[in-house]
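Morning, everyone. Please have the sequence and the model up on your screens.

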Amino acid sequence: MISLKKVVVLFGGNSLEHEVSINSAKSILKNIDKSKYEAIPVGINKDNTWYLYNDDIEKLDNWLNNKIKKIDNIPKFLSSIDVVFNIIHGNTSEDGILQGLFQLFNIKYVGCDLLTNAVCYDKEYTKIILEKYHIPTAPYYILHNKKELTTTTIPDTNYPLIIKPCTSGSSIGINVANNKKELNKYVTEAFKYSQKVLVEKFIKARELECAILNINNKLHISTIGEITYDSLFYDYDAKYVNDSKLIIPSTINEEISNQIKEYVKTVVKALNIKGLSRIDFLYEEQTNNIYLIEVNTLPGFTNISMYPKLLEYDKIKYSKIITLLIEDALKY
């Protein structure tokens, strides 16, 4: 009899992306290769309590009201499994905290390590490193507290500006300001989600995305995809509520596509990206300029998310992506 590898699919968490994580976990649990792996759903509630989920996957949306069992000794539990497929989006996961826990107790896990997650989740640190590697990003200011707005000189000619929490995901707390009054309002809002706020020059451009699969030191950069939407920028509602369209492949020309892929190679090396990530860019057609927006080390992983869709276009099936990531994690 073949011994199945025990794979914890970890979802939930106390971030604002709790529900998104549940949807990603549901897709993974439905599509994981059951001839190779024993999938063990584990949820973390918003109080950071861990539970084994022992109920129908179709009822995962309401998981805390179904059959669950509290995990009291987390390190002991983790030592009994083979690998963690962590699909918690946002803080405590994309910021490297969970990866630190796994590394402390020598637990194998899918995806980037503690440092890569921490750097990529902090938009300021990402920019600082990428600037050293000559990767273009939008001009920006960093605010460490609201009072700095009075000492930071932002010329009126710089408007509109896009305001973002430095450490947050899913476009939560992001707004576009057209004047100083709006800037004050939106900076105050962004500080609800992060201890630092990023203020960038707003660039009206096409949003392009590519999926990264860096397995066994073999880098696959996907076909470039494009997001179209009716809102001013790709905000939370555009992602999860209102209609947005995924265009695969993008209609950009070959020169721009190749330039983006060259940037991606540099980014992967500079930030030590392993396993999976999605890298997003803006393409300003009037100037032919490309700007990196962000590096997402734990992108949405439902079967209709951009990350797997891009790889599926490249003939890598959703279930195969899961297997490749697990097998790569088991090697380390």
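First, the ground rules. This is a predicted model, so local features need pLDDT of at least 70, side-chain atom pairs count only at pLDDT 80 or more, and totals for chains, interfaces and linings use all residues. Residues are numbered from 1 along each chain as its sequence is written, and side-chain values use heavy atoms, with hydrogens and water left out.

Start with helix α5, residues 123-132. Helices here are DSSP runs of H or I, at least four residues, and strands are runs of E, at least two, numbered from the N terminus. Which residues of α5 are buried? They are K123, E124, T126, K127 and L130. Buried means under 20% relative accessible area, with exposed over 50% and partly exposed in between, using a 1.4 Å probe and protein chains only. Down the axis of α5, these residues fall within an arc of 160 degrees, so they line one face of the helix. That arc is taken from the directions from the helix axis to the C-beta atoms.

What do they pack against? Among the partners are α4, β6 and β15. Contact means heavy atoms within 4.5 Å.

Now the ends of α5. At its start, a side-chain oxygen of D122 reaches to within 3.0 Å of the backbone nitrogen of E124. After the helix comes H134, with a positive phi, near 60 degrees.

Next, the cavity. On a 1 Å grid over the protein atoms alone, a cavity is a set of points where a 1.4 Å probe fits but cannot get out; lining residues have an atom within 4 Å of a point. The largest cavity has a volume of about 50 Å³. α5 and β15 are the elements that give two or more residues to its lining. The largest share, four residues, comes from β15.

Strand β15, residues 289-296, also holds Y291. Buried or exposed? Y291 is buried, at a relative accessible area of 15%. Among the residues that Y291 touches, leaving out those up to four places away in sequence, are P136, I203 and F281. Y291 and D280 sit eleven residues apart along the chain, with their C-alpha atoms separated by 8.7 Å.

Last, a pocket: an open set of grid points with protein on both sides within 12 Å along at least five of seven lines.

Methods: A polar contact is a pair of N or O atoms within 3.5 Å; within protein, one must be able to donate a hydrogen and the other to accept it, and residues adjacent in sequence count only if both atoms are side-chain atoms. Grid points are joined across faces, edges and corners, and a volume is the space filled by probe spheres set on the points.
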